[in-house]
Amino acid sequence: MARLQIFNKISALLVGIWTVFVPVISAQNFVLTPELVTPRTDDRFTRQKISRISSIDSGLNCVWDFSSAQIIDGNTIVKYKSEMPGMISQIYEANKHIFKLSSDTVFYCGFENRLALHADSIAAIDLVFPMCYGREISQPYYLKGQYCGEQNMHECGVSRIVVDGYGSLILPDGDTIRNVIRVCNIHDARIELKEIGDTMPINLSDTTLTRRVQTRHRWWALGYRYPIVETVEDVYSNAEEETSSAWQGWITLPSEQEYSVRGDTINEELRNQPHSIDSTEFVAEENYDSQTTDQSSAQQVTEVAITIGAGVLSIDYQVQGVSVEIEMVVADIPGRVYAYIPRQTACAGFNTAQIDCSSLPSGEYLLYLNYADRSDAYKFSIK
C-alpha cells in the first residue's frame, strides 16, 4: 500500500510537470510568416464545403475534431490572380476578394460578385506577421461600394485578429495533423444602403444601420500555405433587434496543397522534415530543467549567454562547424509569445543578437533557440 501511494504521488507530480511544460513548448512550434502563408499569384486548389459542427475550443493543445463533418457540396476551385503590383485576388465560384500585400501585413480590400462591388477607403487587416499564439491586433476599417447597381453600400467597423489556438486537427477521413495554429478574424461592422447620389460619412449613425458581426476561423498546419479548414459565420441584427445568421465551412485536404500548389519549396521542405511533438518536448524539457544542452553531433549552438539590460535582451552564442538557420522566440511561462525573430543564418563562430523586451511586464520568461530539430530553452527574469 505504501509503495502504491508513493507511485501515485510520483505519477501526479509527473503529470503536473507535463501539464505545465507542454503549453510552453507547443505554443512556439509553428509561427505564421509571410514566406509560409502569403497567397501567391497563379496558385489554385480545390476545396469542399462541409457541414457545421461544434469546434469552438481555443487555447493550447486543442484537438479540433472535424471527423464528423459531412461533405455537402462538390469541389470548388480556388484561384489567385494578380490585380496589380502588391495586389492579389482570390476567386471562387462567382466571388472575387481583393487583398493587398506588404512585407508584414495582408490587408482585405473588398469583394465583387453578381450583386455587389465593394472597395476600401480604409482597408481591413487580415494577417500581421509574425502570427503566433497569443498575438492580437485590431484597427478600424471602412469599405464602400454599390449593391445591385442601385444603392450605395457603406460598411464601417473594427477588424480584430487573435491567434487563439494551437493543437491538432482531425480531418473527416480520420487523419490527424499536428502543429496546427488557429487564427480568428472578427469584423464588427455597421452596414447601410443608400440610394445612389447620397453621401455617407465614415462615422455612421446607429439608428438606421444593420450590424454585422463576422467571425472567421482559419486552421493552418505546418507545411501548408493555405488553411486546411476555414469557417465563416455572419450574425446580422437591426434596430428592431431582429437577428439572423449564416454559416459556411470549407476544407482543403492536405493532398490538394501537396500536389496542386506548385513550386512551394519552403513548405515542401517542412512537410518532409520529421516533426515529432513528443521528442521535441522531451528535449526542451531537459533544457528547461537543467539549462544545459546535449553535447551530441546534432547540436551546433553552444556557449549561450543571455543578459538583460535597459529593456534589451542580448544573446551571445557560438555556432560549431557550419552555419545554421536559427529562430528565436521569447515567451512567458504559460506560453504566450511576446517576441519573435524568424529563422536567419548564423555563421560558424561567434554570433550575437538582440531582442527588444522593453514592453514586457516584470516576471519570468523563456528564450527559445530553435534550429535543426532542436528547441533549447533558457530562462531569464525581468524586474
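Buried means under 20% relative accessible area, exposed over 50%, and partly exposed in between, with a 1.4 Å probe and protein chains only. Helices (H or I, at least four residues) and strands (E, at least two) are DSSP runs, numbered from the N terminus.

This is a predicted model: local features need pLDDT of at least 70, side-chain atom pairs count only at pLDDT 80 or more, and totals for chains, interfaces and linings use all residues. Residues are numbered from 1 along each chain as its sequence is written, and side-chain values use heavy atoms, with hydrogens and water left out.

**Stop 1: strand 19**

Select residues 363-371, which form strand 19. Seven of its nine residues are buried, so strand 19 is largely enclosed by the rest of the structure.

Two strands pair if DSSP finds at least two bridges between them. Strand 16 (residues 324-332) runs antiparallel to strand 19, joined by seven bridges. Pick Glu327 and look across: its bridge partner in strand 19 is Asn370. Next, show strand 20 (residues 374-382), which pairs with strand 19 in the antiparallel sense over nine bridges. Here Glu364 has Ser381 of strand 20 as its bridge partner.

Stay in strand 20 and select Tyr378. Tyr378 is buried, at a relative accessible area of 10%.

**Stop 2: salt bridges**

A salt bridge is a side-chain nitrogen of Lys or Arg within 4 Å of a carboxyl oxygen of Asp or Glu. The whole structure holds 18 of them.

Start with Lys81 and Asp42, whose side chains meet at 3.8 Å, N to O. This pair links distant parts of the chain, 39 residues apart: Lys81 is in strand 3 (residues 71-84), and Asp42 is in the loop between helix 2 (34-37) and strand 1 (44-50). Lys81 is partly exposed at 37% relative accessibility, while Asp42 is exposed at 54%.

Move to Lys49 and Glu93, a salt bridge of 3.8 Å, N to O. Lys49 sits in strand 1, and Glu93 in the loop between strand 4 (87-92) and strand 5 (95-101), 44 residues apart. Lys49 is buried, at 18% relative accessibility. Glu93 is partly exposed, at 48%.

Which residue forms a salt bridge with Asp164? Select Arg182: the closest N and O atoms are 2.9 Å apart. Asp164 belongs to strand 9 (residues 151-170) and Arg182 to strand 10 (residues 176-195), 18 residues apart. Asp164 is buried at 15%, and Arg182 is buried at 1%.

Finish with a group. Select Arg47, Asp126, Arg216, Arg218 and Glu230, which are linked in a network of salt bridges.

**Stop 3: the largest pocket**

Work on a 1 Å grid over the protein atoms alone: a pocket is an open set of points where a 1.4 Å probe fits, with protein on both sides within 12 Å along at least five of seven lines, and lining residues have an atom within 4 Å of a point. The largest pocket contains about 1200 Å³ of space. Its lining has 50 residues, and those closest to the centre are Tyr92, His97, Tyr108, Gln214 and Val232.

Now show strand 11 (residues 210-221), which gives the most to this lining, with six residues. Then colour the lining by class: 29 nonpolar, ten polar and eleven charged residues. Ala, Val, Leu, Ile, Met, Phe, Trp, Tyr, Cys and Pro count as nonpolar, Asp, Glu, Lys and Arg as charged, and the others, Gly among them, as polar.

Key: Grid points are joined across faces, edges and corners, and a volume is the space filled by probe spheres set on the points.
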